[in-house]
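Me: I would like to learn how to read a model of two chains. Could we take it one feature at a time?

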Protein chains: 2
Amino acid sequence: MDLDLRKISEPIKDELDEFKKAFRLAMKSKVALIDLISKYILSQKGKKIRPILVLLSAKLCGEINERTYIGATLVEMLHTATLIHDDVVDDAKTRRGLASINAVWKNKIAVLMGDYLLSRGLLHALENNEYNFLQITSRAVKRMSEGELLQIQKNRKLAVDEETYFRIISDKTASLITACCEIGAASATDNKSNVALLSEFGESAGIAFQLRDDLLDYVGKKKIMGKSAGSDLKEKKFTLPLIHALNNSSKRESKEIVNLVKNGSYSKSKNIVFDFIKEHNGIEYTEQKTAEFCETAKSKIINFKPSETKETLVNFVDFIGERVN
Amino acid sequence: MDLDLRKISEPIKDELDEFKKAFRLAMKSKVALIDLISKYILSQKGKKIRPILVLLSAKLCGEINERTYIGATLVEMLHTATLIHDDVVDDAKTRRGLASINAVWKNKIAVLMGDYLLSRGLLHALENNEYNFLQITSRAVKRMSEGELLQIQKNRKLAVDEETYFRIISDKTASLITACCEIGAASATDNKSNVALLSEFGESAGIAFQLRDDLLDYVGKKKIMGKSAGSDLKEKKFTLPLIHALNNSSKRESKEIVNLVKNGSYSKSKNIVFDFIKEHNGIEYTEQKTAEFCETAKSKIINFKPSETKETLVNFVDFIGERVN
């Protein structure tokens, strides 16, 4: 199956262009250095998954309007801010095929630029009196940092069970995707139950997105991904493929693998752990769970009347669950 | 003159204790790692200048109330977040006499904790429907990062004139202090002209605060300051003592000094630049400017009726302008 994101989002091509214009305008600054970095960020071609979800959710519930673009700009700014901070903390040298902000301008400027975009995004909502959007996104930003910190805390003790894993990915990834769908819907309708449905759609789609991400770390190809597989294992980060394999093996074997991940060098443990995961169905189980969350997502919008937008959202969920990069 | 901050804030001792209780409660988290770091932050004894200003501004304009504590908690959280990020970007090992968050938990956790506190602070205002406080503080956070980035941009070209310098310190420091006074006042009165007066009071007091900080970097004692003098010069950061001396010397001499700062090693240039600043009245000029801004601050509250609170605010401004650490 070959899912092309550009083809999927074709039905909202014009609106996406409109969003890009609004985003470009909102990123302008009178401080030359900020403006320079903003232009650089705009030249990094991201997948724009979050703004697309805002637009599609709005269109499914009503008409895309000025408020939709404000919401899309808000979430894309917050997302950009967190990516910049992520690259600082991971000391990542590239982002979207270009050098990262910290690689070009150093950590100090990157942290400040992230803080700037965070407050700039919130102000964008405040200036337009979109307090509801603000509440939705602030809660998402809080959950994102909570999720990341919970993941670090749990991984330190090498004690991540499946339930905790799902809580972590719900907080760190699904929270913002949920916010996207909720904001998009709320921008176009006052129908609370439809807004709630889109929010639940986002939660499941967001979890599927992260499951796919964690799977790709074990089965992805460097050429396509832009990063080498196994980076989670290298960081001793427990994700579902490994968690399931551990749950699905004998106590003795499970203990051995945890010890190997904990104390062994990555180069030494890599092949053993990869084989262990395959042997205990860690890959299939993660694929199955991803498919389940994709189905749950789609079920949330099943009662909306048939339309090109609905079809696009369904294709979008399929893309999330089956993407290769 | 011996100004003791604790003595100055004696008249609001009970309210400050009340604030500390509220702040401690707001810092609690269900994520164990966040809670642990929060407790560590609470054990670092800061001067609490910003919450004190919120409380005093409220008391000057009316009565300290629930909204005042919400505002004080909001600004202290944002301030704490920026300090944590500052320590990451400056690779600082200590803060308030204890090891910094990045020194104890590494950069990744420190950046995430800063982001968490930023969103937590904003949510604290949102949950209490304090949209006005939110607008005031988001604008301040934006100006803070803008000011820092403008400073970096200008220092790179070694082209900081006095006007730009004042714009930078207004954005990076005075903005949050202005927000403190404005929020405090707005929590206690609907009188717009009084709120505006307190905002202007904060702006001048904030500029005086940063002027004093920049002066102390040239004349402070390590034992008192907790950091060695000359760190701005070491980072090739142009502050008023040096800017004034450059403006006040011959073109030839000025060029020589800029070249020395730009290309010379710090150990080689330090004594020459310190002498140059003294010779061209950089220290006196900065002291004079600090005193001017302190006077402007005090003039903003001159028409409030005499009270212990008014006296305390005046003493507070004197403390800001004459503090030795």
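Reply: Start with where the chains meet: 41 residues of chain B are in contact with 42 residues of chain A, contact meaning heavy atoms within 4.5 Å. This is a predicted model, in which local features need pLDDT of at least 70, side-chain atom pairs count only at pLDDT 80 or more, and totals for chains, interfaces and linings use all residues. Residues are numbered from 1 along each chain as its sequence is written, chains are lettered from A and ligands numbered from 1 in the order in which they are written, and side-chain values use heavy atoms, with hydrogens and water left out.

Me: What area is buried between chain B and chain A?

Reply: The size of an interface is often given as the accessible area lost when the parts come together. Buried area is that loss for two parts, taken with a 1.4 Å probe and summed over both. Here the figure is about 4100 Å², and carbon and sulfur atoms give 70% of it. On the chain B side, B:Lys108, B:Leu112 and B:Leu149 lose the most area to chain A, together 15% of what that side buries.

Me: How many salt bridges does the rule find across the interface of chain B and chain A?

Reply: The rule asks for a side-chain nitrogen of Lys or Arg within 4 Å of a carboxyl oxygen of Asp or Glu. Four salt bridges between chain B and chain A pass it. One salt bridge joins the side chains of B:Lys108 and A:Asp90, at 2.8 Å from N to O.

Me: Which helices of chain B supply at least two residues each of the side that touches chain A?

Reply: Helices (H or I, at least four residues) and strands (E, at least two) are DSSP runs, numbered from the N terminus. On this side of chain B, the helices are α3 (32–43), α5 (66–89), α6 (101–127) and α7 (131–156). The largest share, 16 residues, comes from α6(B). Sorted by class, the side of chain B that touches chain A has 21 nonpolar, eight polar and twelve charged residues. In this sorting, Ala, Val, Leu, Ile, Met, Phe, Trp, Tyr, Cys and Pro are nonpolar, Asp, Glu, Lys and Arg are charged, and the others, Gly among them, are polar.

Me: Is B:Ser38 buried or exposed?

Reply: Buried means under 20% relative accessible area, exposed over 50%, and partly exposed in between (1.4 Å probe, protein chains only). B:Ser38, in helix α3 of chain B, is buried because its relative accessibility is 2%. Leaving out residues up to four places away in sequence, B:Ser38 touches B:Met27 and B:Met113. B:Thr290, in helix α15 (residues 282–300) of chain B, is also buried, with a relative accessible area of 2%.

Me: Which helix of chain A has the lowest mean pLDDT among its elements?

Reply: pLDDT is the predictor's confidence in each residue, from 0 to 100. The lowest mean, 48, belongs to helix α10 (residues 222–225) of chain A, and the highest, 97, to helix α15 (residues 282–300) of chain A. Chain A has a mean of 91, and 96% of its residues reach 70 or more.
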